[in-house]
Amino acid sequence: VIGIEKFGLLSFATATIVYFQILTDYGFNLSATREIAINRANKYKIQEIFNSVIFIKCMLTFISFILLAIIVLTFKRFRNDWIVYFLTFGIVVGNTLFPIWFFQGMEKMKYITFLNILAKGLFTLTIFIFVKNWQDYWKVPLLNSLGFISSGILSLWIISKNFDIKFIKPGFNSIKTQFIDSSQFFLSRVSVSIYTSSNVFILGIFTNNTMVGYYSIAEKLYQALQQVYFPLTQATYPYIANTKNSKLFKKIFKFATIGNFIIVILLFVFAGSLFEILFSNRFNYESIYVFRILLISALIVVPSIILGYSFLAAMGYPEYANKSVIYGSLLHIFGLLLLVITNHINIYSVAILVILTETTVLIYRIYFSIREGLWTTREEK
């Protein structure tokens with residue numbers, strides 16, 4: 001309905017806003033999840049953690065909005081479509097209000113599933129109702145943001161009603177502790193964003209909205225495949241952190257990897273038919289080629305995701321999970337710079353670079369899992 005160029009603009013705006021999401025998350029999805037899981041039986045401690053993290057995230061959201069305003073008003077590339085960037089920022093507000101880390105730590109994953117379906121379902125429904133032609137493109141980020149904000153507000157109500165958590169002003173020491181504890185995860189989260197969202201961002205800077213649109217279509221399907229495994233990692237992380245059950249993890253890892261391999265092969269073979277059903281012939285050629293390249297990366301990234309924070313961090317070695325993405329992002333930055341300098345930056349070269357980066361991250365995680373003896377269960381030792 002909105003066309004490939006406007007789709008590219010919206011994708012570029014979302015990629016820009018992701019940096020602010022990373023800043024406001026500040027690694028709490030890992031650090032706060034762990035703290036909630038450890039102190040699950042201590043209601044007072046949970047309330048203290050919850051209010052401290054929410055307070056920090058709200059402050060970071062305010063800072064993020066100021067930074068966005070400065071960027072939009074300073075650079076013409078952003079100023080021409082200022083309304084899109086400000087409307088897209090609502091996603092950051094919604095994520096701040098939606099404490100996924102709390103539900104993960106409490107191992108109440110049903111709330112995350114329900115609220116995510118609500119946000120995405122509401123967004124999808126309203127898109128069909130209100131977006132009629134390309135001139136309505138600005139309504140897409142508005143409706144998307146409203147969906148996220150609605151689910152965020154509802155999540156706070158659920159936490160207050162079902163978990164009896166009171167919203168109180170946190171103490172300075174508690175805020176300081178949570179901020180410092182999460183800092184080790186923040187750098188890794190920033191690093192992850194470099195070789196995920198930065199691809200669309202860099203393409204938007206050095207190519208055009210049309211090329212961004214072609215790449216983004218393929219990338220969204222690639223990311224959708226990864227999303228299938230996120231509930232698994234979200235459920236596994238707090239359990240493994242508590243039990244250190246490596247034997248069970250090995251079974252989960254095995255079945256997830258085999259299942260992913262089968263899915264990737266099917267998607268690779270039927271990619272053309274899939275794109276014709278979901279989009280239209282005008283999107284097929286460039287996007288299908290990119291999607292098939294990214295599918296090769298999917299064979300690597302899924303076992304890497306599961307092996308990372310769900311295992312290494314949960315087993316008490318978060319530094320290896322963190323450093324793997326830091327080193328991977330450094331490689332990715334170097335690769336992107338090389339592509340720009342040599343004038344080889346395009347949707348295909350960026351997709352190939354994703355494969356190289358994800359392979360580096362996986363090899364690093366496998367190496368240290370074996371070196372620390374984490375892959376060997378107690379019975380095998």
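**Tyrosine 26**

I started at tyrosine 26, which lies in the loop between H1 and H2; helices here are DSSP runs (H or I, at least four residues) and strands are runs of E (at least two), numbered from the N terminus. The model is predicted, so I kept to its limits: local features need pLDDT of at least 70, side-chain atom pairs count only at pLDDT 80 or more, and totals for chains, interfaces and linings use all residues. Residues are numbered from 1 along each chain as its sequence is written, and side-chain values use heavy atoms, with hydrogens and water left out.

I looked up the backbone of tyrosine 26 and found a positive phi of about 50°, although the residue is not a glycine. Most residues other than glycine have a negative phi. Tyrosine 26 is buried, at 9% relative accessibility (buried is under 20% relative accessible area, exposed over 50%, partly exposed in between, with a 1.4 Å probe and protein chains only).

**Aromatic pairs**

I then listed ring pairs, taking rings of Phe, Tyr and Trp (its six-membered ring) with centres within 6.5 Å; planes under 30 degrees apart count as stacked, over 60 as edge-to-face and the rest as tilted. The count comes to 29 aromatic pairs. Tyrosine 26 and phenylalanine 186 form a stacked pair, because their ring centres are 4.5 Å apart and their planes are at 25°. This pair links distant parts of the chain: tyrosine 26 is in the loop between helix H1 (3-25) and helix H2 (28-38), phenylalanine 186 is in helix H10 (residues 172-194), and the two are 160 residues apart. Phenylalanine 186 is partly exposed, at 21% relative accessibility.

I checked phenylalanine 102 and phenylalanine 103 next: with centres 5.8 Å apart and planes at 85°, the pair is edge-to-face. Both phenylalanine 102 and phenylalanine 103 are buried. They belong to one aromatic cluster formed by Phe50, Phe98, Trp101, Phe102, Phe103, Tyr111, Phe163 and Phe167.

**Charges over rings**

I searched for charges over rings (NZ of Lys or CZ of Arg within 6 Å of the ring centre and within 35 degrees of the ring normal). Arginine 77 has its charged end over the ring of phenylalanine 12, 4.1 Å from the centre. Arginine 292 lies over the face of phenylalanine 268, 5.4 Å from the ring centre.

**H2 against H3**

I looked up the packing of H2 on helix H3 (residues 43-74): the angle is about 165° and the axes are 10 Å apart. Axes are lines fitted to C-alpha atoms, for helices over the stretch in contact, and angles run from 0 to 180 degrees between N-to-C directions. H2 is therefore roughly antiparallel to H3 (over 145 degrees; under 35 is roughly parallel, 65 to 115 roughly perpendicular, the rest oblique). I noted the contacts (heavy atoms within 4.5 Å): Phe28, Ala32, Glu35 and Ile36 in H2 meet Ile46, Ile49, Val53, Ile56 and Lys57 in H3.

Cysteine 58 is also in helix H3, and is partly exposed with a relative accessible area of 33%. I took one distance here: the C-alpha atoms of cysteine 58 and threonine 74, 16 residues apart along the chain, are separated by 25 Å.

I found helix H11 (residues 197-206) mostly covered, with eight of its 10 residues buried. Those are Ser197, Ser198, Asn199, Val200, Phe201, Ile202, Leu203 and Gly204.

Last, I looked up glutamate 107, a residue other than glycine with a positive phi near 55°. Glutamate 107 is in the loop between helix H7 (100-105) and helix H8 (109-130), and is partly exposed with a relative accessible area of 34%.
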